[in-house]
Structures are given as C-alpha cells and as structure tokens.
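User: Please take me through this model by question and answer, with the cut-offs behind each term.

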Amino acid sequence: MTFSLHGVAVSRGVAIGNAYVIAHDEFEVRDHLVEAYEIESEVARLRAAIEAAAVHLRSMHDKIPAHTPADVAAFIDTHLLMVSDATLSEEPIRLIRERRYNAAWALKCQHDAIVAAFEQMDDPYLRTRRDDIDHVVNRILRNLFSAGISKPTADDTRLQGAILLADDLAPADALLMQHHGVVGFVTEFGGPTSHTSILARSLGIPGIVGVRHVRRFVRDGETLIIDGNEGVVIGEPDQRVLTHYQRRRSERLKHSVALNKLKRASCVTRDGVALDLQANVELPSDFEAAREVGASGVGLYRTEFLYMNRIDPPTEEEHFETYRQLVQTVSGLPVTIRTLDIGGDKQVELALTARPKGANPALGLRAVRLGLKEMTLFMPQIRAIVRASALGPVRMMIPMLSQLDEARQVIELVRNVQAEFGADGVPFDPQMPVGGMIEVPAAAAYADGFAHVLDFLSIGTNDLIQYAIAIDRANEEVNYLYDPLNPGLLRLISMTIKAGARVKVPVAMCGEMAGDTRYTRLLLGLGLQSFSVHPSVLLEVKGVINDAYSKPLKSLAERALKTTDPERFKSLLVELT
Ligand code: PEP
Ligand code: MG
C-alpha cells in the first residue's frame with residue numbers, strides 16, 4: 001500500500017527510481033585470533049584494504065566537478081593524508097604479527113587508541129578530527145568486509161537511476177552520487193545547511209534530509225518517489241500516484257527548457273516594475289553559473305569557505321586574491337562581499353583565541369561579534385575588501401547585526417583602513433557602499449535606524465526565521481516550525497522593506513526564502529525589489545516575477561499583514577503563493 005514519509009526538502013525536483021539502501025556504517029568487528037599460517041595473508045588483506053581506500057579517495061578527488069566548493073576537495077585531501085599515514089597501518093600490522101589479531105580487530109584497536117589520544121588533546125582543532133578518523137577507518141573496514149556491505153563501489157551499476165537512502169551522507173558521497181547517476185537521496189539525519197545539502201543543490205540532485213527511520217520502511221530495490229519540493233518520500237506508489245509524479249517530473253523538464261529562454265530577458269513584472277535579481281555565490285567560480293543565467297550581480301558572497309579546513313586564518317593577500325578573481329570574473333557587475341559569518345552552524349577549525357563557545361552557539365560569539373573581538377581575523381578581510389573596491393563595484397556587507405554600534409564600529413574600521421591607504425597611495429573606492437544583514441528580529445524592528453548608518457540592507461531569512469520563531473535551523477526535531485509564512489515573521493520582513501523605502505536605502509533579500517518560488521509573489525506583494533538567489537533557481541524566480549502583477553499582490557499582502565483572523569490570513573496567503 002502506498003505510504004509517505006516526511007522530512008526536510010533540501011534540494012528541489014521530483015525523482016523516481018529504485019531505492020538503494022545503504023546499511024549503517026558500523027561493522028561488527030570480532031576479536032578472534034588468526035592461525036600462525038594466516039598471519040601474512042591477514043597483513044596483506046589489511047594493506048590491500050588501506051590501498052583500496054586510498055584509490056577510492058583519489059578517484060573521487062579526480063572526479064570533483066568544476067564549480068564544487070573548495071572545502072570538498074580539502075576534505076578528501078585530509079582523508080587521503082590520514083589513510084596513507086603509517087600511524088594507521090604500523091600498529092595494526094604489529095598486532096596481527098605479534099598477537100595474531102585479525103585485521104579488522106587490529107585496525108579497530110588502533111582506531112580506539114587514536115580516538116582516545118585525540119580526546120585527551122587540548123587542541124580543539126585536533127579534537128574535531130575524530131570524525132575524520134571514524135570516516136577513514138570505516139572506509140577501510142568497509143573494504144575488509146566488502147562481501148557483506150552495500151555501500152556503493154566504483155563500478156556499481158545499480159546506482160544508475162537509483163534513489164540513495166542513508167543515515168547521513170558526506171560531501172564526498174554527494175560527488176559519488178553525481179558520478180554514478182543517482183537521481184535523488186534521502187537521509188535520516190542532517191540539515192538543509194549541511195555541505196552535502198548545499199552541494200546537492202548545486203548538482204541539481206533532489207534530496208530530503210531528516211527522515212527518521214526511513215530505512216526501516218523502505219526495502220532495497222523497491223520503487224520510490226521523492227518530492228524534493230515538499231520533502232515527501234512516497235513508497236510503494238500505486239499506478240495513479242506514479243503517473244501523477246511522472247507527469248510532474250516531465251512538466252519540470254519542459255519547464256526548465258522554457259526557462260532557458262529567460263536567460264537574457266529583463267526581470268520586470270507584467271505591470272512594469274523592474275526588479276533586481278542577483279546571485280548568491282560561495283566561490284568565484286560559482287559566478288560562472290550565475291553569469292550564465294543572467295544575474296545582475298552578486299548579492300551575497302559567503303566568505304566562510306575561505307576559513308574552513310585550516311588552522312591559520314587566511315592572510316590579507318589570500319582574501320584579496322579571491323576577491324580579485326571574483327570581481328574580475330563578474331566584470332563590472334556589483335559584488336557584495338559578506339564579512340566573516342563564522343560560528344553558530346558554521347563552525348571552523350581555526351585556532352582562535354576567542355573560540356565561539358556556549359550551549360547556544362547560534363546566540364553566541366558569531367559573525368560580526370566574533371569579527372569585532374578577533375581583530376587578527378577581521379582586519380585582513382576588511383583591508384582586502386577595501387583594496388578590492390579599486391577593481392570594480394564592490395560592496396561590503398556585515399552579517400548578524402543586532403545593534404547600531406556594531407555597524408558603526410565596522411564602518412570606523414573601514415574608514416581607518418581607507419585613511420591609511422590614502423596616505424600610502426594604495427588605490428580604493430572611497431564610495432564603497434557598506435551594508436548590513438537584517439537577520440536578528442531586533443534589527444528588523446529597528447531597520448530604519450540601521451538604514452540611517454548603512455548604504456543598503458539585505459534580509460537574511462535563514463537566520464531571521466531561526467531567531468524570530470526561536471528554532472535551531474539545523475535541528476531536525478523542530479524543523480517543522482521553520483515556517484517562512486509565520487505572520488509575525490512576515491511583519492518583520494515588511495517592516496524592514498518599508499523602513500528602507502522611507503529612508504531611501506535599498507533592501508534586498510538573500511536568505512533561501514528569496515529563491516523559493518512558493519514565496520516570490522508574496523515577496524513582491526511585500527514590496528521587495530531586490531532578490532539574491534542561488535543561480536540554480538534564478539530563472540525560476542525570474543519566470544514567476546515576469547508573470548506577476550505587483551499591484552494586486554501588494555494590496556493582498558497589506559491585508560494579510562493587517563488581519564488577526566487566522567482563516568482570513570490563510571485564504572489571503574493562498575492567493576499570494
Ligand atoms: C541568512 O541567514 O539568511 C543568510 C543568507 O546567511 P547564512 O545562511 O549564510 O547564515
Ligand atoms: Mg545568516
């Protein structure tokens with residue numbers, strides 16, 4: 001009988017295929033001794049398993065698609081270094097030879113010893129490497145047990161057209177999915193902002209996360225449908241359901257062919273309101289994709305990737321070189337560089353003096369708070385952004401402002417750098433706009449105050465929703481409350497847009513809500529004039545905008561904002577979405 005399971009949609013689209021269930025990455029390691037004559041073959045087996053893990057990682061590294069975030073390659077490099085390190089093979093070989101442990105048991109003992117040593121360490125960076133040790137050892141164990149497990153292997157043809165079901169997937173697995181022609185994935189854990197989810201979106205593979213116990217309900221090989229728009233997994237679909245989703249899938253394909261025609265079209269509503277449609281990028285190379293779809297600029301360049309997978313912070317020159325590449329790639333279009341937004345759900349391994357701590361990292365020392373506290377981290381970035389402003393229309397954006405003073409302090413730092421560069425003859429644009437993100441409710445309610453000191457505002461709905469509704473954006477247990485249609489949230493968004501209009505300061509939106517076509521008409525109704533979205537959804541958003549009449553949407557939205565009648569609110573939203 002047809003059944004459905006629900007999770008969090010992280011990558012849009014409909015996929016239909018056979019389930020490919022990946023069993024738990026936990027292997028039952030037995031502590032039996034090998035016979036004396038088996039010792040050398042056991043050593044050889046371990047060596048072969050380690051070598052196979054290295055070959056597998058190397059081949060994955062070679063298959064990294066262009067435009068993939070750099071930290072994915074760095075992540076594979078780290079695992080390669082670990083797998084090739086003698087620490088992992090020498091001691092287990094000694095245990096096999098001297099104590100006659102079997103290969104898996106010997107490896108497991110060494111794993112436990114390394115983990116115990118890591119846990120004693122004061123160095124927070126090394127402590128975070130424990131997960132990597134687990135991944136690497138599991139990969140080797142997988143090879144030792146290769147007969148009994150169903151993890152994808154390099155030549156597994158069953159993956160072609162399949163939907164992958166796993167407890168969690170690493171970014172490297174996401175690359176594997178693309179390589180093997182996987183059409184969709186479902187995981188039991190993970191959140192929409194994990195690297196795997198971000199990568200899946202870039203690769204255009206529909207996916208759903210946080211579907212607890214999915215592998216108990218779905219049998220390997222059975223037909224499965226996943227709706228990556230709604231976050232629904234449908235098992236044992238009857239013919240009627242199957243036909244419905246096949247139709248939706250082919251409509252989507254036709255739709256994307258039609259959308260391609262919009263690449264060079266301007267972004268304007270049917271009643272003549274011209275909108276700004278920019279792109280969110282993580283790497284300068286991502287902008288190739290944004291250019292391809294006709295973005296009018298970069299509305300959000302997230303610089304966190306520059307800080308990941310390293311201990312020493314990036315130097316001013318590294319920052320500058322990255323920004324130079326970005327500005328030159330977009331040649332002439334505005335580029336909004338967001339200053340570091342580390343902390344909260346974006347943890348890094350940097351050795352910081354003011355390490356973000358606390359039980360609630362999302363409410364702790366993150367983003368601009370961390371920048372203002374860790375000048376050695378912040379100043380090289382500010383200096384590089386100011387230098388980059390000489391190369392093209394660069395804008396600087398401050399994340400997570402909660403009080404005016406933070407904006408003022410950052411502006412003062414910028415002015416000091418500009419004065420120093422002026423005296424030293426270093427070129428820069430003295431008019432470089434400095435803007436801020438509105439993602440804390442107190443800042444939204446005081447957006448006019450921020451608009452008086454900043455040159456532009458951009459609404460970060462990912463965090464604004466988290467803080468306004470008081471739900472951790474990465475916690476699957478409260479994900480169901482993550483609702484962009486919450487009436488209180490809509491009022492905060494509207495307040496921000498109206499404040500910008502009153503003070504004549506442009507207001508954009510760069511959170512995921514801006515790129516979700518279910519909300520485009522509503523946002524037009526709220527008066528939003530500038531959207532910054534992932535390149536993969538930009539044409540869809542443009543399609544909805546170019547098809548809409550903004551005037552009637554505005555009057556519907558005004559009524560929705562005013563009403564306190566939940567039924568009336570709902571029916572107005574039906575017209576708006
Ligand atoms: C946001 O919070 O909406 C945003 C765009 O920033 P990030 O997702 O990087 O926190
Ligand atoms: Mg944010």
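This is a predicted model: local features need pLDDT of at least 70, side-chain atom pairs count only at pLDDT 80 or more; totals for chains, interfaces and linings use all residues.

Analyst: Residues are numbered from 1 along each chain as its sequence is written, chains are lettered from A and ligands numbered from 1 in the order in which they are written, and side-chain values use heavy atoms, with hydrogens and water left out.

User: What is the order of the strands in the open sheet of eight strands?

Analyst: Helices (H or I, at least four residues) and strands (E, at least two) are DSSP runs, numbered from the N terminus. Two strands pair if DSSP finds at least two bridges between them. The pairing in this open sheet is mixed, and its eight strands have the order S1-S8-S7-S3-S4-S5-S6-S2.

User: Which strands stand at the edges of the sheet?

Analyst: Each edge strand has a single partner strand, so one side of each is left without a neighbour in the sheet. The strands at the edges are S1 (3-6) and S2 (8-11).

User: Which residue of S6 is the bridge partner of Ala9?

Analyst: S2 and S6 (residues 207-209) run antiparallel and are joined by three bridges. Within S6, the partner of Ala9 is Ile208.

User: Which residue of S6 is the bridge partner of Phe185?

Analyst: Strand S5 (residues 184-187) is covered on both faces, with Gly184 and Val186 buried on one side and Phe185 and Thr187 buried on the other; buried means under 20% relative accessible area, exposed over 50%, and partly exposed in between (1.4 Å probe, protein chains only). Four bridges join S5 to strand S4 (residues 163-166) in parallel, and Leu164 has Phe185 as its bridge partner. S5 also runs parallel to S6, with two bridges between them. In S6, the partner of Phe185 is Gly207.

User: How many residues apart are Glu439 and Asp463?

Analyst: At 2% relative accessibility, Glu439 counts as buried, and Asp463 is likewise buried, with a relative accessible area of 2%. Glu439 lies in the loop between strand S13 (434-438) and helix H16 (441-445), Asp463 lies in helix H18 (residues 461-469), and the two are 24 residues apart.

User: Which residue caps the N-terminal end of H19?

Analyst: A polar contact is a pair of N or O atoms within 3.5 Å; within protein, one must be able to donate a hydrogen and the other to accept it, and residues adjacent in sequence count only if both atoms are side-chain atoms. A side-chain oxygen of the capping residue lies 2.8 Å from the backbone nitrogen of Gly488, and that residue is Asn486.

User: Is Ala470 buried or exposed?

Analyst: Ala470 is found in the loop between H18 and H19. Its phi is positive, about 60 degrees, although Ala470 is not a glycine. At 64% relative accessibility, Ala470 counts as exposed.
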